Amino acid sequence: ACHAPWNGLSGTTLYDSYLIMMYNMVFTSFPIFIVGSLDLDVYAPAAFAMPKLYFFGVNKAYFNYRMLVAWLFRGVVHALVNFFVAVVFLGGLGGNSGHFPDYLSLGTWSYWSCVLVANSTLLLHAQVWMDWQLLISLLSVMFFPPILFIYSTPSMSNVFNPSFHDVASNLFASLPGWLSLVLVFALSVLVELALDS
């Protein structure tokens, strides 16, 4: 939605179509599965000793309209931060700007920021941090650069998206890109902490 005014409402996505598919399949599903499976706020003996704890779920204390609107608001804030920090730091969407030859480069930095924000938000809202949760979230974020390098090689990009050739080398050689990634992460964590207080 943030990108729509800059592309003339043409429906062009900021992210590459194969990266969009990998977002849910590779970069965020495993961390959510691990945290959802292993996260606990009450240990089993305490839950058996206090069955009234189950009434919080029945009484919609854990999920209600107010919480839904709050999470939608968080999503909008994260999207705005992610998009506009990328636009400001990476030279806008005007085509050839410095080391960023096209909107795919800008979109790919924004995409990696999105993966980082999703995993950090997941960890910030986990009741208990376990080794597996931290490991799988870290791997999810760190797995992106090797996939991007493989995807932007000439042999792979010619098969999937010829315009994606050498996007990885442009991205990782750019100091503004790294600064935008760190800034998006820091602002997103601050937003989460502010909204939780």
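Which helices each supply at least two residues of the lining of the largest pocket? Some notes from going through this predicted model:

1. On that opening question: helix 1 (17-38), helix 4, helix 5 and helix 10 (175-196) each put at least two residues into the lining of the largest pocket. Helix 4 gives the largest share, with 12 residues.

2. The pocket itself has a volume of about 1,100 Å³. Its lining runs to 44 residues, and W71, R74, G75, V76 and H78 are the ones nearest the centre. Sorted by class, the lining has 22 nonpolar, 17 polar and 5 charged residues.

3. Now the packing of helix 4 (residues 65-89) on helix 5: their axes come within 10 Å and cross at roughly 145°, and the crossing is right-handed. Helix 4 makes the contact through W71, H78, N82, A86 and V87, while helix 5 brings L106, S110, S113, C114, V117 and T121. That contact splits into 6 nonpolar and 5 polar residues, with no charged ones. Note that W71 and H78 turn up here as well as among the residues nearest the pocket centre.

4. Helix 5 (residues 103-124) also meets helix 7 (residues 144-151), the axes coming within 11 Å and crossing at roughly 155°. The two therefore count as roughly antiparallel. This crossing is right-handed too. T108, Y111 and W112 of helix 5 touch F144, P145 and L148 of helix 7. By class that contact has 5 nonpolar residues, 1 polar and no charged.

Note on methods: Residues numbered from 1 in each chain as written. Predicted model: local features only at pLDDT ≥ 70, side-chain atom pairs only at ≥ 80, totals over all residues. Heavy atoms only, no water. Axes fitted to C-alpha atoms, helices over the stretch in contact; angles between N-to-C directions. Helix = DSSP H or I, 4+ residues; strand = E, 2+ residues; numbered from the N terminus. Parallel < 35°, antiparallel > 145°, perpendicular 65-115°, else oblique. Left-handed = near helix turned anticlockwise from the far one by under 90°. Contact = heavy atoms within 4.5 Å. Nonpolar A, V, L, I, M, F, W, Y, C, P; charged D, E, K, R; others polar. 1 Å grid on protein atoms, 1.4 Å probe; cavity = no way out; pocket = protein on both sides within 12 Å on 5 of 7 lines; lining within 4 Å. Points joined across faces, edges and corners; volume = space filled by probe spheres on them.
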